Amino acid sequence: MVEQTELFQLPPPSWAVSGDCSVATMFAHRQLREMDKDLRVHARYLHASLRWVSHEPITNTTLRDRFGIDPKNAAAASRIIRDALEAGVIKPVDPSQGKRNARYTPHWA
């Protein structure tokens with residue numbers, strides 16, 4: 001599900017438990033500007049998790065690809081990274097790395 005969400009640049013799915021069942025809800029495509037901060041941070045976390053299981057860290061470039069952000073607007077991707085770091089859902093691969101070419105993993109990795 002997460003892989004398809006990434007492939008089609010969809011908002012992150014929602015999961016809920018109802019009794020003995022788990023319910024997953026996928027959402028239609030939305031432009032990045034139509035997602036609130038929490039959705040963008042959650043999408044960043046899922047992006048980091050999916051890339052981690054593929055043994056690939058996330059970067060500003062992978063995030064731009066995920067959200068379809070024009071390379072000229074890299075600052076938008078940087079803001080999403082900053083928000084995800086502040087929320088504690090991702091962490092730097094190397095805490096001493098500079099911001100340029102920085103790589104990140106999920107907080108639990």
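Before you click on anything, one definition: a residue is buried when its relative accessible area is under 20%, exposed when that area is over 50%, and partly exposed in between, using a 1.4 Å probe and protein chains only.

What you have open is a predicted model, in which local features need pLDDT of at least 70 and side-chain atom pairs count only at pLDDT 80 or more, while totals for chains, interfaces and linings use all residues. Residues are numbered from 1 along each chain as its sequence is written, and side-chain values use heavy atoms, with hydrogens and water left out.

**Stop 1: the whole chain**

Show the chain as a cartoon. You will find 4 helices and 4 strands; here helices (H or I, at least four residues) and strands (E, at least two) are DSSP runs, numbered from the N terminus. Follow the chain from the N terminus and the order of elements is α-β-β-α-α-α-β-β. The radius of gyration, taken over C-alpha atoms, is compared with a globule rule of 2.2 Å times the number of residues to the power 0.38. For this chain the radius is 14 Å, close to the 13 Å that the rule gives for 109 residues, so the chain is as compact as a globular protein of that length. Along the principal axes, the C-alpha atoms fill a box of roughly 45 × 30 × 25 Å. Of the 109 residues, 34% are buried.

**Stop 2**

Select residues 37–53, which form helix H2, and residues 60–67, which form helix H3. Two packed helices are described by the angle between their axes and the distance between the axes. Axes here are lines fitted to C-alpha atoms, for helices over the stretch in contact, and angles run from 0 to 180 degrees between N-to-C directions. The axes of H2 and H3 come within 11 Å and cross at roughly 115 degrees.

Now show the side chains where the two helices meet. Contact means heavy atoms within 4.5 Å. On the H2 side, pick Arg-40, Ala-43, Arg-44, His-47 and Arg-51; on the H3 side, pick Thr-62, Leu-63, Arg-66 and Phe-67. What kinds of residues make up the contact of H2 with H3? They divide into 3 nonpolar, 2 polar and 4 charged, where Ala, Val, Leu, Ile, Met, Phe, Trp, Tyr, Cys and Pro count as nonpolar, Asp, Glu, Lys and Arg as charged, and the others, Gly among them, as polar.

**Stop 3: inside H3**

Stay with H3. Here 6 of the 8 residues are buried, so H3 is largely enclosed by the rest of the structure. Colour the buried ones: Asn-60, Thr-62, Leu-63, Arg-64, Arg-66 and Phe-67. Their cover includes helix H1 (2–7), H2 and H4.

Click on Phe-67. Not counting residues up to four places away in sequence, Phe-67 touches Gln-9, Leu-32, Met-35, Arg-40, Ala-43 and Ile-80.

**Stop 4: the nonpolar core**

A nonpolar core is a set of buried Ala, Val, Leu, Ile, Met, Phe, Trp, Tyr and Cys residues joined through side-chain atoms within 4.5 Å. The largest one has 18 residues, and Leu-63, Phe-67, Ile-69, Ile-80, Ile-90 and Tyr-104 have the most contacts inside it. Which elements give two or more residues to this core? They are H2, H3 and helix H4 (74–87). H4 gives the most, with 5 residues.

**Stop 5: the loop between H2 and H3**

Return to Pro-57, which sits in the loop between H2 and H3. Leaving aside neighbours within four places in sequence, Pro-57 is in contact with Arg-51, Thr-62, Val-93, Arg-103 and Tyr-104. Is His-55 buried or exposed? With a relative accessible area of 75%, His-55 is exposed.

**Stop 6: another positive phi**

Go to Gln-9, in the loop between H1 and strand S1 (14–18). Gln-9 is not a glycine, yet has a positive phi of about 50 degrees. Its relative accessible area is 25%, which makes Gln-9 partly exposed.

**Stop 7: strand S4**

Finish at Thr-105, in strand S4 (residues 104–106). Thr-105 counts as buried, at 14% relative accessibility. Beyond its neighbours within four places in sequence, Thr-105 is in contact with Ala-48, Trp-52, Val-89, Ile-90, Lys-91 and Val-93.
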